[in-house]
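Subject: Handing over a structure

Dear colleague,

I am passing a structure on to you, and you will find the sequence and the coordinates just below.

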Amino acid sequence: AQSSKPAPWPHRKVESGVCWPLHPPKDCSKRGHQHGPSISTSASAIEALLACYEAAQCGTEEQASLRKERRWRFQYPHHFLDHVKTAAQSPEVARAMARGGLSYLTDRFRFVRNGTTLSLGEAMAQPRSGLLETFELRGDSPRSTAGMALRVPYKGKWLSGEALARQLDAWKSSGVIEPSCIGATRFTMELVSSAERWDACRGSHAFVVLGAGAAIGPTATLLSLGATVIAVDLHGRPKIWKNIAQMVKGTCGRLILPVRGDSKRKGHWTDTAGADLLTEGPEVAEWLARVCPELTLTIGCYGYLDGQKFVRIAMAMDAIATRVVATRPGTSLAFLASPTDIYLRPEAASKWAGERFAARPAWMRAANIVSWGEFCAENRTRVKAREGYDVVDGTVTQQGPNYMLAKRLQQWRSILARASGTLVSINIAPASATRSVTHNTLLRIAYKGMSLFEPCVTFMPDTTNAVMTAALLRDVFDAKSPANPAQPISHPMVLLADNAWHGGVWTTGMTTKSSAVPSAVAGLVLENKGTLATVAAVGAAAVVFRSKL
């Protein structure tokens, strides 16, 4: 006789390390399955935003909208926009919302090891002792006694000194960067050019780079300037570590990394180097707490993984960083923000965007009309957030809600850490043609067509790495930087308006989301060099991008 017992829920891979929260079981009786507690990234993100409003005791309508949301994957930008609008009301509301959202995530995310589930706090307090040892590589170039030069690769040339200054002015004049970027970069240029000042700074400081092999990160530039870099990346990936080792050659930098096993066998260190941030976070934090005790640390969180794993690794890096900050007083934090997010925008940039929208060409006006306002829409939210600022929405739905949540939790940490007296460097980095972008056909052609929407530009990764490292050094070593918690700022989110390398996203006339399809169509035409086949391809691209966005 056939059994009436419901079939077990289909097998799912059991993940380890930092894991998403579990949510109550759903009623799956109609599908004949027994369904226990399960992971729902959508539910977790919605509940995190609800926790923000509840902590700040505000946003009744926004909470109701979140609870009714059934199309989170496509509607999430609207809810994050509501979140930023509400947080912009006052510094107190912003801090309360950051505390609520981050507390929800740190309390609910789990750490799984050998079948045992712990809270993140419990796991970080129970590292396996002796797993990681320290290995060091030094560059083979002597230290300069005449100072060093900040060198930025750009369009096949190395820019430094006056050439770099002229390019900075050109970027500022076209609206690619905020004016404050010039002062920040000039500070770093002057700092590293003074042998006495720079030797004092780099001799007392070390930069921890979580995700040292990331496409966008400061490892190579820091080493080229002779700094000490404590690099953490995946274990069991010799190729990654060989690439990182190449960065120290020809420099006077110092590279420190975690290894395991027989770490003294220099010829095999690439096989034993590294640690998994997702599964070995407690051990990484324990190692960082004791490495280079004579130096002050800045912990940079640059690790990235696709999809829902990005939130997991962001939570892992957050747990590591906060653990080390608690055990090593004076430790500072560093993050890179994305231009395709929601921020407070200076009034001057907003005015510039309005002027560009008013002067837009006829084809953009037509595209906006025939798409019922979906394409080539004005780059304004009409929300005046604070005196001198409005809210700018640079989101692109295709990036997905997990990307947005990962970046948002880093902003929450920045707000709370700075409020507690920790120096925090968080700067917006421009759109960059990383390998993950150039290998994605849809993104590649969209980036190629961005030039139609002045002044938007896409930087090469090595250019981005150099200029963002300059921003980092200014934040860490300039006491007048807004990153310094002793410096007063009108609102916690204003920190991200300073030194913003937005690549034109803030000053272009159209929103990033509404220009995505036209950019892709233009990029497709450019790739096909205007051939007749492009006519058919354009129509197909519009359909494909419409479904993706």
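The side chain of Ser-90 reaches the backbone nitrogen of Val-93 at 3.1 Å, where a polar contact is a pair of N or O atoms within 3.5 Å, one of which, within protein, must be able to donate a hydrogen and the other to accept it, while residues adjacent in sequence count only if both atoms are side-chain atoms. Ser-90 is found in the loop between H3 and H4, and because its relative accessibility is 16%, it counts as buried (buried means under 20% relative accessible area, exposed over 50%, and partly exposed in between, with a 1.4 Å probe and protein chains only). Leaving aside residues up to four places away in sequence, Ser-90 touches Arg-386 and His-491, a contact being heavy atoms within 4.5 Å.

Before going further, please keep in mind that this is a predicted model, in which local features need pLDDT of at least 70 and side-chain atom pairs count only at pLDDT 80 or more, whereas totals for chains, interfaces and linings use all residues. Residues are numbered from 1 along each chain as its sequence is written, and side-chain values use heavy atoms, with hydrogens and water left out.

The chain as a whole

The protein chain has 21 helices and 18 strands; these are DSSP runs numbered from the N terminus, with helices (H or I) of at least four residues and strands (E) of at least two. Of the 549 residues in the protein chain, 56% are buried. Among the contacts in the protein chain with a separation of 6 or more, 78% are accounted for by residues 24 or more positions apart.

Helix H4 and its surroundings

Helix H4 covers residues 91–108, which is 18 residues, and from its first C-alpha to its last it reaches 26 Å, close to the 26 Å expected at 1.5 Å a residue (the expected span is 1.5 Å times one less than the number of residues). Its buried residues include Pro-91, Val-93, Met-97, Leu-102 and Tyr-104. The buried residues of H4 pack against several elements, among them strand E3 (22–23), helix H1 (41–56) and helix H16 (401–419).

The parallel strands

Strand E11 (residues 205–210) has 6 of its 6 residues buried, so it is largely enclosed by the rest of the structure. His-205, Phe-207 and Val-209 point one way from E11, while Ala-206, Val-208 and Leu-210 point the other way, and all are buried. E11 pairs in the parallel sense with strand E12 (residues 228–232) over 5 bridges, pairing being called when DSSP finds at least two bridges between two strands, and here Val-208 stands opposite Ile-230 in E12. Together with helix H9 (residues 219–224), E11 and E12 make a right-handed β-α-β unit; right-handed means that, with the strands pointing away from the viewer, the path from the first strand over the helix to the second runs clockwise.

E11 is also joined to E14 by 6 bridges, again running parallel, and Leu-210 stands opposite Cys-301 in E14. Strand E14 (residues 296–301) is in turn joined to E15 by 3 bridges, and these two strands run parallel. The chain crosses from E14 through H13 to E15 in a right-handed β-α-β crossover. Thr-298 has Ser-332 in E15 as its bridge partner.

Strand E15 (residues 332–337) is mostly covered, with 6 of its 6 residues buried. E15 is joined to strand E18 (residues 424–428) by 5 bridges, the two running parallel, and Ala-337 stands opposite Ile-428 in E18.

An antiparallel sheet

Elsewhere, 3 strands form an open sheet in the order E2-E6-E7, with antiparallel pairing. Strand E2 (17–19) and strand E7 (116–119) stand at the edges, each with a single partner strand, so one side of each is left without a neighbour in the sheet. Strand E6 (residues 110–113) is joined to E7 by 4 bridges, and Val-112 has Thr-117 in E7 as its bridge partner.

With best regards
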